[in-house]
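Please load the model in your viewer and keep the selection tool at hand. The stops below go from pockets to a cavity, then to salt bridges, a nonpolar core and annotated spans.

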Amino acid sequence: MSASIPTPVSALAYDGTAMLGRQLRRIRHNPGLLILTQTMPVTMLLFFGYVFGSALAVPGEEYRAFLVPGLLVATAANGIMTGMFQAAQDAHRGVTDRLRTLPVSRAAVPLGQAAADLVVTAAGTVPFLLVGLAVGWRIEGSALEAAAAVGLLLLFRFTTTWIGILLGLASRSEEAAGQLGGATFILPLLSNAYIPTDNLPGWLRTLAEWNPISAVTTALRHLFGNAPVPADGAWPVTHPVAGSLAWCAALIAVFMPLAIHRYATGNR
């Protein structure tokens with residue numbers, strides 16, 4: 001009996017699962033980076049929540065409830081940095097060239113990296129939420145809405161990882177990728193992740209509200225029941241769930257095929 005020929009979809013699933021396992025083993029053998037990425041959000045929550053919370057007009061506990069969704073989204077946005085660094089490391093150490101010679105789907109390698117990052121992010125979200133509960137944050141919405149909030153958060157992380165993969169593959173060196181990745185820390189500062197945008201100057205408020213981070217942060221605050229949707233502002237923050245999904249769909253549609261093409265061709 002002749003062996004069945006695998007379809008492109010089944011080949012992608014098989015190869016992608018293999019690349020997912022490779023990336024997870026890679027993360028396991030680099031525990032320092034794993035510990036840093038998992039503890040940094042908790043450290044920021046404690047620092048921002050107690051230091052900035054006491055300096056703002058709102059009570060510290062209320063500010064921490066406001067802050068937790070913002071830090072969740074800011075951490076998800078760091079997918080740009082981690083995706084960029086890992087892709088650049090493979091590209092400039094010859095790993096990508098070796099993988100490209102193997103008979104595997106061209107989409108499997110970047111897809112495996114993005115999927116592994118998503119698994120690690122999902123696991124790291126749990127202790128962060130527990131610390132948030134310990135410092136006064138509460139889920140005020142329904143269980144279904146809370147599940148939708150976590151799903152939206154992971155979708156945003158998946159989106160930003162693809163941006164990072166493309167930038168990493170296009171980088172000139174590991175050092176350049178690290179420097180550019182560090183610059184992404186400014187993105188949450190230009191959003192409503194840490195402070196409300198109501199009192200910002202007009203042009204800066206517009207810039208902040210059209211930042212995808214602001215849409216996803218507002219959506220999480222709404223779904224968790226921590227804050228109402230603003231009555232006025234840019235469309236993505238007055239329709240945060242739809243705005244977040246639109247941002248994610250648009251960014252994935254642009255960056256995923258570009259990253260896969262960059263990996264497949266190896267153009268630099």
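Begin with the lining of the second largest pocket, which by class has six nonpolar, three polar and five charged residues (Ala, Val, Leu, Ile, Met, Phe, Trp, Tyr, Cys and Pro count as nonpolar, Asp, Glu, Lys and Arg as charged, and the others, Gly among them, as polar). This is a predicted model, in which local features need pLDDT of at least 70 and side-chain atom pairs count only at pLDDT 80 or more, while totals for chains, interfaces and linings use all residues. Residues are numbered from 1 along each chain as its sequence is written, and side-chain values use heavy atoms, with hydrogens and water left out.

To find this pocket, select Phe 66, Pro 196, Asp 198, Pro 228 and Pro 230, which lie nearest its centre among the 14 lining residues. Helices H10 and H11 are the elements that give two or more residues to this lining, helices being DSSP runs (H or I, at least four residues) numbered from the N terminus. The second largest pocket holds about 300 Å³ of space. On a 1 Å grid over the protein atoms alone, a pocket is an open set of points with protein on both sides within 12 Å along at least five of seven lines, a cavity is a set where a 1.4 Å probe fits but cannot get out, and lining residues have an atom within 4 Å of a point. Grid points are joined across faces, edges and corners, and a volume is the space filled by probe spheres set on the points.

Next, select Thr 37, Asn 78, Met 81, Thr 82 and Arg 157, the closest to the centre of the largest pocket among its 37 lining residues. About 780 Å³ of space lies in this largest pocket, and its lining has 22 nonpolar, 13 polar and two charged residues.

For the largest cavity, with about 90 Å³ of space, select lining residues including Gln 86, Asp 90, Leu 99, Gln 113 and Tyr 263. Helices H4 (79-92), H5 (95-100), H6 (108-134) and H7 (143-170) each give two or more residues to the lining of this cavity.

Now turn to the salt bridges, of which the whole structure has four (a side-chain nitrogen of Lys or Arg within 4 Å of a carboxyl oxygen of Asp or Glu). Arg 157 pairs with Asp 117 at 2.6 Å, N to O; because Arg 157 lies in helix H7 and Asp 117 in helix H6, the pair ties together parts that are 40 residues apart in sequence. Both Arg 157 and Asp 117 are buried, where buried means under 20% relative accessible area, exposed over 50% and partly exposed in between (1.4 Å probe, protein chains only). Select Glu 174 and Arg 93 to see another salt bridge, with the closest N and O atoms 2.9 Å apart.

The largest nonpolar core has 33 residues, of which Leu 72, Phe 156, Tyr 194 and Leu 220 touch the most other members; such a core is a set of buried Ala, Val, Leu, Ile, Met, Phe, Trp, Tyr and Cys residues joined through side-chain atoms within 4.5 Å.

Finally, select residues 108-134, one of the spans that an unreviewed UniProt entry annotates as "transmembrane region", an annotation that may be inferred rather than shown by experiment. This span, 108-134, is 100% helix and 0% strand, with its end C-alpha atoms 40 Å apart.
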